[in-house]
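Reader: I am new to this structure and would like to go through it term by term. Please show it first.

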Amino acid sequence: MKIKKRSDIQPASIEDSEMKGVKFYPLITSRDGAPNFALRVFEVGPNGYSPKHSHEWEHEIYIISGDGNVLTKSGKVPIEKDHALLIEPHELHQIQAGERGIAFICVVPHQGQP
């Protein structure tokens, strides 16, 4: 068993032309001995956003604080604390933070972990 605290992990701040105000915490990954999935926490600052993208694997998201929107091919859908999302394989998506920012847990298979 491995037990870690988010506060003990140095986040990676990610900003480029495709994303704004993103902090990434790789909590449990293959480096920790996890055989199949990576557990990550993302914090997106006020009015920030993740990249608009799709990929061949599913992943799950659980909103732990804040609010915003998830952009889908059909448009924006409001999301807030305690919402859970299933992103299907090949589904276009982007997390857009509201004025307070948003934080979420994201679980992906190892192929989806940088």
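Author: Start with the word pocket: a pocket is an open set of grid points with protein on both sides within 12 Å along at least five of seven lines, and its lining residues have an atom within 4 Å of a point. The model is predicted.

Reader: Which residues lie nearest the centre of the largest pocket, and how many line it?

Author: Its lining has 20 residues, and Arg40, Phe42, Ser50, Pro51 and His53 lie nearest the centre. The space in this pocket is about 340 Å³.

Reader: Which strands supply the lining of the largest pocket?

Author: At least two residues each come from strand E2 (19-28), strand E3 (37-49), strand E4 (59-72) and strand E7 (94-109). E7 gives the largest share, 4 residues.

Reader: How do the residues of that lining divide into nonpolar, polar and charged?

Author: There are 13 nonpolar residues, 6 polar ones and 1 charged one.

Reader: Why is isoleucine 102 called buried?

Author: Buried means under 20% relative accessible area. Isoleucine 102 has 3% relative accessibility, so it counts as buried. Isoleucine 102 belongs to strand E7.

Reader: What does isoleucine 102 touch, beyond residues up to four places away in sequence?

Author: Its contacts include Phe42, Glu43, Val44, Ile63, Ser65 and Gly66. Also among them are Ile79, Ile95 and Ala97. Between the C-alpha atoms of isoleucine 102 and proline 35 there are 29 Å, with the two residues 67 apart along the chain.

Reader: Why does isoleucine 95 count as buried?

Author: The limit is again under 20%. Isoleucine 95 stands at 2% relative accessibility and therefore counts as buried. Isoleucine 95 is also placed in strand E7.

Reader: What is isoleucine 95 in contact with, leaving aside its neighbours within four places in sequence?

Author: The contacts of isoleucine 95 are Gly48, Tyr49, Ser50, Ile61, Asn69, Val70, Ile79, Leu85, Ile102 and Phe104. Lysine 52 is 43 residues from isoleucine 95 along the chain, and their C-alpha atoms are separated by 7.9 Å.

Reader: What makes a set of residues a nonpolar core?

Author: The residues must be buried, come from Ala, Val, Leu, Ile, Met, Phe, Trp, Tyr and Cys, and be joined through side-chain atoms within 4.5 Å. The largest such core here has 19 residues, and those with the most contacts inside it are Ile61, Ile63, Ile79, Leu85, Ile95, Ile102 and Phe104. E2, E3, E4, E6 and E7 each supply at least two residues of this core. Its largest share, 6 residues, is from E7.

Reader: What is isoleucine 79 in contact with, leaving aside its neighbours within four places in sequence?

Author: Isoleucine 79 is in contact with Ile63, Asp67, Gly68, Asn69, Val70, Leu85, Ile95 and Ile102.

Reader: Which residues of strand E6 form its covered face, and which its uncovered one?

Author: In strand E6 (residues 84-87), Leu85 and Ile87 make the covered face, while Ala84 and Leu86 make the uncovered one. In a regular strand, side chains alternate between the two faces of the sheet.

Reader: How do you know that two strands pair?

Author: DSSP must find at least two bridges between them. E4 and E6 have 4 bridges and pair in the antiparallel sense.

Reader: How many bridges join strand E1 to E2?

Author: Strand E1 (residues 12-16) is joined to E2 by 4 bridges, and the two run antiparallel. Serine 13 is opposite lysine 23 in E2. These two strands form a hairpin, with 2 residues between them.

Reader: Why is asparagine 47 called partly exposed?

Author: Partly exposed lies between the buried limit, under 20%, and the exposed limit, over 50%. Asparagine 47 is at 44% relative accessibility, so it counts as partly exposed. Asparagine 47 is in strand E3, and its phi is positive, about 60 degrees, although it is not a glycine.

Reader: Why does aspartate 82 count as partly exposed?

Author: Aspartate 82 has 48% relative accessibility, so it counts as partly exposed. Aspartate 82 sits in the loop between strand E5 (75-80) and E6. Its phi is positive as well, about 80 degrees, although aspartate 82 is not a glycine.

Note on methods
Residues are numbered from 1 along each chain as its sequence is written. This is a predicted model: local features need pLDDT of at least 70, side-chain atom pairs count only at pLDDT 80 or more; totals for chains, interfaces and linings use all residues. Side-chain values use heavy atoms; hydrogens and water are left out. On a 1 Å grid over the protein atoms alone, a cavity is a set of points where a 1.4 Å probe fits but cannot get out, and a pocket is an open set with protein on both sides within 12 Å along at least five of seven lines; lining residues have an atom within 4 Å of a point. Grid points are joined across faces, edges and corners, and a volume is the space filled by probe spheres set on the points. Ala, Val, Leu, Ile, Met, Phe, Trp, Tyr, Cys and Pro count as nonpolar, Asp, Glu, Lys and Arg as charged, and the others, Gly among them, as polar. Buried means under 20% relative accessible area, exposed over 50%, partly exposed in between (1.4 Å probe, protein chains only). Contact means heavy atoms within 4.5 Å.
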